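Please have the sequence and the 3D view open while you read.

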Amino acid sequence: MAGPAGRSSDEEALLQKAMRILPGGVLGGYYAPQELAFVVREAHGSRLRDFSGREYIDYILGSGPLVLGHAHPAVVAAVEAQLRKGTTYFQLSEPTLALAEEICRAVPCAEQVRFCGTGSEATFFALRVARAYRGRDKILKFEGGFHGVHDYSLMSVGPREPKAFPAPTPDSAGIPHAIQAEVLIAPFNDAATAEAMIEEHHRDLAAVIMEPFQRLIVPQPGFLESVRAVTARHGVPLIFDEIVTGFRFAYGGAQQRYGVVPDLAAFGKIVGGGFPLAAVAGRREIMRHFSHELDGSGEFVQQAGTLNGNPIAAAAGLATLAELRKPGTYERLFATGTRLKQGLEAAAHRAGLPVQVAGEAPVFEIYFTDRPIVDYRATLTADPGRHAAFTREMLVPGGREGGPEVLRLARPHRRRRRPHAAGLRGVADRGGGNFSLSGSISRQRRLRPWLIRTTSRISGTAARSPGGGGSA
Ligand SMILES: Cc1ncc(COP(=O)(O)O)c(C=O)c1O
């Protein structure tokens with residue numbers, strides 16, 4: 001018996017179970033409107049299949065780790081080989097060392113590496129080691145910047161009513177009030193204000209942390225350079241959160257693409273190949289505080305975890321990086337994303353909608369506003385009702401032809417033999433029996449009529465409707 005939106009009774013039962021035993025019926029990072037929720041049965045390449053047999057083109061790709069797509073043969077083979085040798089050791093192992101060495105080879109700031117399990121841990125430990133190095137407590141972060149879900153990170157990520165800088169707004173209940181006194185908030189892409197704030201507070205600052213490409217916002221020319229210059233002048237460690245951009249914007253991450261080298265960087269997502277692994281990398285002088293040789297000195301940073309540097313995750317990460325090193329990979333990733341971005345812009349223009357397709361080719365988002373997206377406050381000018389309507393359309397079953405997607409959603413796709421392939425965080429598709437990064441949007445011409453139909457529906461959307469969302 002089919003439930004809402006063609007859902008099978010099996011899938012309906014699973015969703016009801018989720019509602020009973022998981023808070024909100026979800027895992028925490030992503031939620032769809034209840035009537036469009038689904039349960040994944042399996043995934044290959046760029047496709048997800050749910051328990052009702054519906055197929056989706058997946059533009060989430062695990063929220064970013066799966067730049068090669070689901071179940072990539074090279075990653076599966078590497079994981080299978082490692083599985084037979086044991087799953088975790090709590091000791092040094094060859095794949096873990098090889099991955100650390102590869103990070104040091106690839107990433108300009110990386111002289112040493114320390115592994116952990118999640119991106120949140122990586123930024124948390126980067127901040128802790130910076131505090132130990134500097135002997136200060138305060139950190140400065142940027143409004144709208146996301147560094148995971150720990151107490152220092154969840155400050156002014158998404159304030160509904162932003163305060164005057166540098167006052168922080170906690171994004172979660174349960175964060176000790178005292179933390180607010182340790183976090184300063186600066187505006188992204190406003191070099192003069194950020195520089196003045198760092199000048200004023202440098203004596204108290206343990207670190208400045210930033211996403212060099214903040215959420216979907218490209219740094220303006222000179223902005224990263226000016227933050228780098230003022231932090232270097234005062235010896236304040238600069239931390240780049242490269243959890244999204246690492247190995248995605250270039251093999252050496254955003255620091256290679258933008259040519260600005262921080263003191264420390266946090267990595268996650270791609271580096272673990274779809275398994276729980278993240279890393280802090282950076283200058284030896286700072287990283288040495290993680291070494292037990294400092295134990296008892298008062299300068300030693302405790303950082304331990306049962307699964308840190310897990311060999312299966314390391315094998316998956318190494319296999320992913322080996323694919324990314326193949327000639328032409330990044331050119332194809334950028335060419336694919338650029339074509340999709342341009343197609344979206346052109347279709348929105350033809351539909352007479354004010355739209356900004358903000359971001360870089362591998363990661364972008366649609367904002368329904370005529371204001372350029374240069375900082376967090378500009379994102380607040382976007383029409384949330386239109387955005388919610390757009391993202392809902394992406395999930396509506398029924399085989400609407402050739403839809404694009406924005407960053408976090410998947411959409412059902414009925415006709416298996418006519419995939420619509422495109423690149424956001426990274427899109428994979430099967431080509432000639434092989435998995436490959438999708439280098440072509442061969443059906444982009446079908447995207448335009450679809451978007452125009454969709455955007456026409458959206459332009460008629462008066463009320464602000466709730467949509468799916470998520471933070472990772
Ligand atoms: C920039 C950034 N930093 C940190 C994190 C947290 O990573 P994780 O979800 O692995 O804890 C994320 C997650 O999406 C992220 O996008």
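The notes below start with the whole chain and then turn to the sheet, the helices and some backbone details.

This is a predicted model, in which local features need pLDDT of at least 70 and side-chain atom pairs count only at pLDDT 80 or more, while totals for chains, interfaces and linings use all residues. Residues are numbered from 1 along each chain as its sequence is written. The protein has 13 helices and 17 strands; helices (H or I, at least four residues) and strands (E, at least two) are DSSP runs, numbered from the N terminus.

**Overall picture**

- Of the 472 residues of the protein, 50% count as buried. A residue is buried if 20 or more other C-beta atoms lie within 10 Å of its own, exposed if 12 or fewer, and partly exposed in between, with C-beta atoms placed from the backbone.
- Among contacts in the protein with a separation of 6 or more, 71% come from residues 24 or more positions apart. Two residues are in contact if their C-beta atoms, placed from the backbone, lie within 7 Å.

**The seven-stranded sheet**

- An open sheet is formed by seven strands in the order S5-S11-S10-S9-S8-S6-S7, with mixed pairing. Two strands pair if DSSP finds at least two bridges between them.
- Strand S5 (112-116) and strand S7 (183-186) stand at the edges with a single partner strand each, so one side of each is left without a neighbour in the sheet.
- Direction ignored, neighbouring strands of this sheet are turned by 20° against each other on average. Axes are lines fitted to C-alpha atoms, for helices over the stretch in contact, and angles run from 0 to 180 degrees between N-to-C directions.
- Strand S6 (residues 138-142) runs parallel to strand S8 (residues 205-210), and three bridges join them. In S8, Val208 is the bridge partner of Leu140, and Ala207 stands opposite Ile139.
- S8 also pairs with S9 in the parallel sense, over three bridges. Here Ile209 stands opposite Ile239 in S9.
- S8 is mostly covered, with six of its six residues buried.
- In a regular strand the side chains alternate between the two faces of the sheet.

**Helix H4, packed on the sheet**

- Helix H4 (residues 119-134) packs on the sheet and touches S5, S6, S8, strand S9 (238-241), strand S10 (264-267) and strand S11 (278-282). The direction of H4 makes about 30° with that of S11.
- H4 is mostly covered: 14 of its 16 residues are buried.
- From its first C-alpha to its last, H4 reaches 22 Å, close to the 22 Å expected for 16 residues at 1.5 Å a residue. The expected span of a helix is 1.5 Å times one less than its number of residues.
- Just after H4, Gly135 takes a positive phi of about 65°.

- The axes of H2 and H9 come within 8 Å and cross at roughly 150°. That makes H2 roughly antiparallel to H9; angles under 35 degrees count as roughly parallel, over 145 as roughly antiparallel, 65 to 115 as roughly perpendicular and the rest as oblique.
- The residues making this contact include Ala74, Val75 and Ala78 of H2, and Ala315, Ala316 and Ala319 of H9.

**Backbone details in the loops**

- The peptide bond from Phe165 to Pro166 is cis, with omega near 5°. Pro166 lies in the loop between S6 and S7.
- Leu61 has a positive phi of about 50° although it is not a glycine. Leu61 is found in the loop between strand S4 (55-58) and H2, and with 23 C-beta neighbours inside 10 Å it counts as buried.
- Arg215, also not a glycine, has a positive phi of about 55°. Arg215 lies in the loop between S8 and helix H6 (223-234), and its 20 C-beta neighbours inside 10 Å make it count as buried.
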